[in-house]
Amino acid sequence: MISFQAVTKKFSTNITALEGINLEIQNGEFIFLVGPSGAGKSTLLHLLTREYKPSEGKIIVNDLEPSKLKPSQIPDYRRRIGFVFQDFKLLDDRTVWENVALALQVRGMPEAEIAKEVDRVLKLFEIWERRSLFPRQLSGGEAQRTAIARAIVGKPSILLADEPTGDLDPQTASSVIKLLEEVNSWGTTVLMATHNREIVDNAKRRVVTLKGGQIVKDTQEGKYEVH
Amino acid sequence: MKFTKFVRKNIRRTPYQAIAALMVMFLTFIIVSVFSLLTLGSQKILSFYESKPQAIAFFKDRTTAQDVKAIENSLEQTGKISNFKYVSQDEALQIYRDRNKNNPMLLELVTANILPASLEISTKSPEDLNMVAQIVKKEPVVEDVVFREDVVASLTQATHLIRVVGGGVTAFLMVFSILLIVMIIGFKIRLKRDEIEIMKLLGASAWFIRIPYILEGITYAVAGAVLAWVVSFAALWQLQPLLATLLGEAAQNILPVSPIFALELLGAELVLAVLVGGLGSLAALRRYLHL
């Protein structure tokens with residue numbers, strides 16, 4: 001379970017990215033975070049990855065308080081969270097296969113096991129035939145599939161996606177959402193920040209709306225309502 | 001395995017920096033090799049001359065065994081003597097014959113009566129040679145004293161100079177090499193800032209991220225050291241006949257260079273290379289990589 005308890009994040013005395021956030025997310029939920037640019041969606045995700053610490057309040061992730069972790073404990077914590085970015089953030093000098101394998105290599109997994117897992121995920125995400133290509137040789141959809149494969153190959157309990165369909169055409173975006181829904185069906189909690197009205201409205205999932213760093217709406221089977 | 005692959009890729013991607021690093025490391029370690037060989041060589045030449053009689057006292061005719069014994073006793077009492085050896089007229093003639101065996105004319109002209117008996121004296125320290133010579137000169141049975149003070153003193157001075165200059169130049173180049181590694185690894189870290197951020201988000205530990213950069217720095221230094229060692233010993237091999245001619249009798253103490261010493265020097269240079277590369281990389285990581 002993820003719990004935000006009166007969380008405020010300030011970047012300086014006069015820039016408040018999030019203010020008094022209270023949010024409970026159950027294991028296995030699929031949640032859309034919506035809101036205008038600068039509403040605090042990305043900040044909320046970065047608080048979960050422990051790139052930032054809250055200025056006030058408390059965040060609990062599966063009984064752990066990320067802000068209280070020692071630097072040496074952070075890598076292990078991050079291995080339980082997958083992250084997908086709008087611009088994919090694939091490593092240009094590594095092939096599709098190597099990009100996905102990296103997520104397991106950082107855990108010190110034996111090479112034979114890495115090979116088995118990476119092959120399995122690439123086949124599952126239908127990018128097996130692209131495994132030897134470099135990111136610049138992929139279409140947007142293929143690059144995002146690779147990024148999602150990299151995020152989930154380590155079987156994280158939480159998947160964070162920061163506008164993963166932002167750079168994709170509607171058809172490809174829809175296929176990426178299907179992929180995220182499939183990942184969610186395995187029991188992975190998915191938290192996705194997006195500006196895509198169509199996707200949010202069609203998905204009929206919980207929608208948390210942020211504005212000015214505060215939660216202004218939290219609806220089960222919600223709609224994209226940003227003004 | 002995954003780290004060495006990363007290092008190979010990193011070096012291939014910035015070949016000019018890799019060449020610059022390799023050249024500076026080569027320069028540093030060739031200087032280390034040359035000065036090490038010079039220090040060892042001068043030390044061996046010095047000990048060669050030190051092992052030879054440093055002063056020879058020639059006796060007047062009719063000097064008795066008691067006279068010689070008295071001089072030996074007074075020398076022993078100084079506590080500065082490492083060794084002395086009495087050479088009789090017959091022994092002197094034998095030495096003369098050995099040295100001039102290829103020149104029959106010189107052999108014909110000399111008999112034992114012409115050559116004086118002598119006492120070959122070695123001191124523990126070359127600085128005491130002059131004092132010892134003065135004591136011996138005062139003896140009425142001593143005709144003359146010759147000694148090699150100048151050769152030994154010059155060699156001592158040269159050895160000292162080689163050590164000081166070699167140490168200074170090596171220290172300067174070591175610092176320069178470490179700074180170059182800091183610059184190159186620092187540049188690589190800044191170039192790969194995004195990649196490092198992604199690795200952090202994937203849960204890479206600090207050392208998983210650091211190790212390839214440390215290995216890269218060490219690779220430059222070790223490659224430079226091995227290359228310098230090969231070149232310096234190849235050059236020494238080529239110069240061996242010339243050195244043998246120049247150094248004459250003293251060369252037998254040095255040449256050929258012992259393979260054990262060559263391997264010891266390689267080992268020492270590899271340790272030094274790991275230190276230079278490792279320290280440079282660690283300094284760069286400390287300065288540019290904040291995990």
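A crossing counts as right-handed if the near helix is turned clockwise from the far one by less than a right angle. I wrote that down before opening the structure, which is a predicted model.

**Entry: H5 against H6, chain A**

I started with helix H5 (residues 140-152) and helix H6 (residues 170-185) of chain A, whose crossing is right-handed. I got an angle of about 15° for the pair, with the axes 10 Å apart. Angles under 35 degrees count as roughly parallel, so H5(A) is roughly parallel to H6(A).

Who touches whom here? On the H5(A) side I noted Gly140(A), Gly141(A), Gln144(A), Arg145(A), Ile148(A) and Ile152(A). Facing them from H6(A) are Thr172(A), Ser175(A), Val176(A), Leu179(A) and Val183(A). I sorted the residues of this contact by class and got 5 nonpolar, 5 polar and 1 charged.

**Entry: the sheet, chain A**

Next I traced the open sheet of 6 strands, which I read in the order S5-S6-S7-S3-S8-S9, with mixed pairing. The edges are S5 (81-85) and S9 (214-219), each pairing on one side only. From one strand to the next, I get a twist of 15° on average.

I then zoomed in on the S5 end. S5(A) and S6(A) (residues 158-162) run parallel and are joined by 5 bridges. I picked out Gly82(A), whose bridge partner in S6(A) is Leu159(A). H5(A) turned up again here: the helix packs on the sheet, touching S5 and S6 of chain A. Its direction makes about 165° with that of S5(A).

**Entry: H3 against H4, chain A**

How do helix H3 (residues 96-105) and helix H4 (residues 111-124) of chain A cross? I found roughly 130°, with the axes coming within 10 Å. The pair is therefore oblique. H3(A) passes H4(A) in a right-handed crossing.

From H3(A), the contact uses Trp97(A), Val100(A), Ala101(A), Leu104(A) and Gln105(A). H4(A) brings Ile114(A), Glu117(A), Val118(A), Val121(A) and Leu122(A). My class tally for this contact reads 8 nonpolar, 1 polar and 1 charged.

**Entry: chain B on chain A**

Last, I looked at the contact of the two chains, which takes 11 residues from chain B and 14 residues from chain A. Which elements of chain B give two or more residues to the side that touches chain A? They are helix H1 (2-13) and helix H8 (193-201) of chain B. H8(B) gives the most, with 4 residues. By class, I logged 6 nonpolar, 2 polar and 3 charged residues on that side of chain B.

Notes. Residues numbered from 1 in each chain as written. Chains lettered and ligands numbered in written order. Predicted model: local features only at pLDDT ≥ 70, side-chain atom pairs only at ≥ 80, totals over all residues. Pairing = 2+ DSSP bridges. Axes fitted to C-alpha atoms, helices over the stretch in contact; angles between N-to-C directions. Contact = placed C-beta atoms within 7 Å. Parallel < 35°, antiparallel > 145°, perpendicular 65-115°, else oblique. Nonpolar A, V, L, I, M, F, W, Y, C, P; charged D, E, K, R; others polar.
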